[in-house]
Amino acid sequence: MITLKNLMVYKNGFLRKLNVGIENGRIQFVEQRSEGEVVDCDGLIALPGLIDMHVHFREPGLEWKEDWRSGSKAAVHGGITYVADMPNTKPPVIYKEILEKKVEIAKSKSLVNFGLYGAITNENVKSFSEMDEGVIGYKIFLAASTGNLLLDEKYLAEAISSSEKPVMIHPESQKIVEKYLARPIDAEIEAVKKVVSLQGIIKTRVHLCHITSFTAASIVLEQRETNKLTFETCPHYLFLNDRFRKENGGFGKVNPPLRSEEERKGLFNLVVKGKIDVLSSDHAPHTVEEKKSSSPHSGIPGVETTVYLMLNLVKQKLIDFGTLVRMMNEIPREILGLNNYGEIIVGNKANMTIVDLNRRWIITKKFLQTKCGWSPYEGMEGYGMPVYTIVNGKIFDSQKVEVVYDESEG
Ligand SMILES: [Zn+2]
């Protein structure tokens with residue numbers, strides 16, 4: 001048994017000073033007493049284990065960009081205890097045998113909890129449900145992106161009305177992308193409208209990935225009639241705009257693209273108002289050479305920086321812990337069917353993110369654990385960082401990314 005003493009424990013919107021006892025991977029008590037080894041956590045805040053429901057850890061097939069070990073190290077460093085990984089690895093996750101192999105790899109290398117998405121594509125639209133048992137959900141690419149796993153729009157209704165698992169949609173209209181040979185905001189708006197128009201037939205859940213703009217987010221917020229439809233945005237759409245792309249070339253290239261300052265600001269204000277369902281990183285690492293090349297790949301890393309950026313907003317009193325926990329634990333776990341994952345209650349598996357709101361950080365190359373070795377936020381400074389990332393009772397020092405207390409099962 002280990003007792004984390006004098007933690008400010010987050011529960012239902014409130015912080016209360018309590019001691020948390022952990023043994024055999026589970027929370028044994030949340031009260032005043034102490035037992036076993038005692039670790040003084042005065043001044044630290046315990047949040048439910050934070051979830052990043054949109055990452056690309058690149059393994060199998062693209063390990064020079066990231067792999068399950070380096071990606072999950074970055075997650076631990078970033079205070080993330082659970083990741084959900086996208087299917088555009090190599091080979092893509094479109095059949096059961098491929099999924100099973102990927103599960104084995106992730107299991108043997110990941111330091112954090114994980115779920116894997118399968119893809120619904122033109123190729124497997126009739127058979128994708130054979131993966132139901134092993135996936136956390138499915139991904140649909142309405143426009144081609146890394147890996148090119150397209151689903152024609154004509155199959156969209158069939159897929160979302162039949163899937164027993166949550167469906168994540170990359171909302172850009174392939175027609176518009178092809179017509180302009182670019183990715184204007186209209187491609188996003190058109191696809192979002194299309195999905196919203198189908199909300200009545202959703203069987204399980206539909207989640208719109210990486211909304212880039214105030215305009216598209218507002219369409220969902222105004223026209224949503226069911227809680228089966230949700231959406232996410234990502235830090236790069238909140239902290240960067242199209243000027244970053246102009247000034248940093250390939251390093252600012254991402255699908256869908258960074259938008260105007262006006263759209264960014266509008267989206268940021270929706271976070272402040274607590275109107276965004278989910279914040280995920282869409283961690284999409286590519287190497288520095290790939291980003292510097294004449295045809296740079298699209299994608300921005302972020303699994304290890306998201307929580308720092310958000311804690312800094314809490315420190316500045318722009319958002320409260322409730323908003324952060326809702327976007328990075330409560331709504332993701334609801335969408336993915338993870339029940340009370342991370343909740344700090346007796347009997348639950350010990351998955352927590354313990355933070356110090358007063359610790360100062362600066363993002364540098366040296367700071368990073370991701371294999372790709374760069375971040376668009378290099379040079380940025382702020383307050384608030386994860387101190388312990390607790391995964392199934394294993395207590396990591398988030399900064400050193402090493403286990404300091406092991407209270408996991410056996
Ligand atoms: Zn993605």
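A: Both faces of strand 10 are covered. Val167 and Ile169 on one side are buried, and so are Met168 and His170 on the other. Buried means that 20 or more other C-beta atoms, placed from the backbone, lie within 10 Å of the residue's own. This is a predicted model, where local features need pLDDT of at least 70, side-chain atom pairs count only at pLDDT 80 or more, and totals for chains, interfaces and linings use all residues. Residues are numbered from 1 along each chain as its sequence is written.

Now the pairing. Strands of a sheet pair through backbone hydrogen bonds, either parallel or antiparallel. Here, two strands pair if DSSP finds at least two bridges between them. Strands are DSSP runs (E, at least two residues), numbered from the N terminus.

Strand 9 (residues 137–141) pairs with strand 10 in the parallel sense, over 4 bridges. Tyrosine 138 stands opposite valine 167 of strand 10.

Strand 11 (residues 206–208) also pairs with strand 10 (residues 167–170) in the parallel sense, over 3 bridges. Methionine 168 has histidine 207 of strand 11 as its bridge partner. Isoleucine 169 stands opposite leucine 208 in strand 11.

Definitions and conventions:
A residue is buried if 20 or more other C-beta atoms lie within 10 Å of its own, exposed if 12 or fewer, and partly exposed in between; C-beta atoms are placed from the backbone.
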